[in-house]
Amino acid sequence: MTEHVDVLIVGAGLSGIGAAHHLQQEFPGRSYAILEARNAIGGTWDLFRYPGVRSDSDMYTLGYRFRPWTQGKAIADGPAILRYIRDTAADAGIVHRIRFGHRVIRASWSTDAARWTVEVRRGETTATFTCAFLYMCGGYYRYDRGHTPEFAGLDDFRGRVVHPQQWPEDLDYAGKRVVVIGSGATAVTLVPAMAETAAHVTMLQRSPSYILPVPAADALATRLRALLGTRRAYTVTRWKNVLVSTLIYQLSRRRPDMMRKFLREQNVRRLPGGYDVDTHFKPSYNPWDQRLCLVPDGDLFRSIGAGRASVVTDRIERFTATGLRLESGTELEADVVVTATGLRLLPLGGIELAVDGRPVELPETMAYKGMMLGGVPNFAFTIGYTNASWTLKADLVAEYVCRILRYLDDHGCDTCTPAPDPTVPATPLLDFQAGYVLRSIEEFPRAGGRRPWRLGMNYAQDVLTLRYGRLADGTLRFSNRPPRSESSGVGGQESETVTI
């Protein structure tokens, strides 16, 4: 049997729950459903279970605009974020709209019917949904496995090797020697968390990352709550943090030498005297060429200062029976090796798209405002910021989708499609040098060299564009189906463009 809803949301993580909240708040009578491939709410925050898992953004910006974050810690741990998402879904009744264990395989748009037909795998069976608007909120991570390089001699190692994305519940590392391979956000989270009980934890990095210590709690937010109340304090703190992060990003891009010096000074202040900062904490690239790693209250530096953790900057020659041999000749003994070596990306969750029977080749499409696809009707997706909190953008995309739906209602239209412009030069969708992006970016849609085909990475600008900007901009075309022919009983073959 086929079930029809007005809007079909794919993904019940941070983006999907937020999208559903915006949708039902703006259109209480509109039907919608959320298809979730896994059996739980939370997406990334339910999947990642490694020790110390936490946000790499403050919760005043990673939290939803409509639901204030009220806990003391601004840099929250994974379980707290998961509770926040689940409470949001429960309080708004969204949880009853989620179909768990429903993995979307393909989606086909019919112009004649002005609807999507969505094929779903549900265990050993399949199901079909139809919808007027398809809204992808599954992020861009590949959830079934992370990235692990090929290591020589891996089969010789007698200890245990784990990837953070598939953390085993039975792993006991207390009193054991641990090597964490990597230098990104996951590695700098794992090291101090595991160092609390492990005999010693070594962070083995091929090259350093920029690391910025920040307070775990936002003292100003606490004071503002007492003065202004929860909601007003949340709004003020949210904008304060947006402006601070934007300033750091802009200075990193425009005054990289100044920011290098600033970040180095922050590291020196928290590391033991005489520590070789330039070997282990001085990257070769400029700040924000890759994402800046935050460490709350400098916990990584405290672990190093206490002797519970150390950093080694070198390359792996091979695994041995008892650990790893490095290119310098150093031997690192280990009982447990954690490969915090990155993630894999998967555009649109690997879903196959087609428009009127013609397959949509994602690398050949261009993303309109970083959230729709040229030539693909009634379709939106969420990609958050790489230089700020994901949810800042996810909230704006949800608001924009609601604006589109309202426009369709007000003008008697049933279809909106970004019209491709072949004169716009193509650029990578994500202008970001992180390894996990560079490994997969060719599989994604392209961005354009000028608006409205560029993916914005400035929240303040996007507020003006997505929340208040004109919808009928000449690129986003609105249309409706011609009336059915009484003699033939079928719809016309072409849609009628409505000029507003």
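Student: How much space lies in the second largest pocket?
Tutor: In this predicted model, the second largest pocket holds about 810 Å³ of space, where a volume is the space filled by probe spheres set on joined grid points. On a 1 Å grid over the protein atoms alone, a pocket is an open set of points with protein on both sides within 12 Å along at least five of seven lines, and its lining residues have an atom within 4 Å of a point.

Student: Which residues lie nearest its centre?
Tutor: Of the 30 residues in the lining, those nearest the centre of the second largest pocket are Arg454, Leu455, Gly456, Met457 and Asn458.

Student: And which element gives the largest share of that lining?
Tutor: Helix 13 does, with 4 residues; helix 7 (230–254), strand 23 (426–428), strand 24 (446–448) and helix 13 (459–468) each supply at least two. Helices (H or I, at least four residues) and strands (E, at least two) are DSSP runs, numbered from the N terminus.

Student: Which domains does the chain have, then?
Tutor: The assignment, automatic or from a database, gives domain 1 (3–143 + 344–479) and domain 2 (149–341), and their centres, taken over C-alpha atoms, are separated by 29 Å. The lining of the second largest pocket draws at least three residues from each of domain 1 and domain 2.

Student: Switching to cavities, how many of 30 Å³ or more are there?
Tutor: The count comes to 2 cavities of 30 Å³ or more, a cavity being a set of grid points where a 1.4 Å probe fits but cannot get out. About 110 Å³ of space lies in the largest cavity.

Student: What lines that largest one?
Tutor: Its lining includes Val242, Ser245, Thr246, Tyr249 and Gln250, and also Tyr385, Met457, Asn458 and Tyr459. Helix 7 gives the most to the lining of the largest cavity, with 5 residues, while domain 1 and domain 2 each contribute at least three.

Student: Why is helix 5 described as largely enclosed?
Tutor: Because 9 of the 11 residues of helix 5 (residues 185–195) are buried, the rest of the structure largely encloses it. Buried means under 20% relative accessible area with a 1.4 Å probe, protein chains only, and the buried residues of helix 5 include Ala187, Val188, Pro192 and Met194.

Student: What mean pLDDT does the chain have?
Tutor: The mean pLDDT, the predictor's confidence from 0 to 100, is 92, and 96% of the residues of the chain reach 70 or more. Local features need pLDDT of at least 70 and side-chain atom pairs count only at 80 or more, whereas totals for chains, interfaces and linings use all residues. Residues are numbered from 1 along each chain as its sequence is written, and side-chain values use heavy atoms, with hydrogens and water left out.

Note on methods. Buried < 20%, exposed > 50% of the residue type's maximum accessible area, 1.4 Å probe, protein only.
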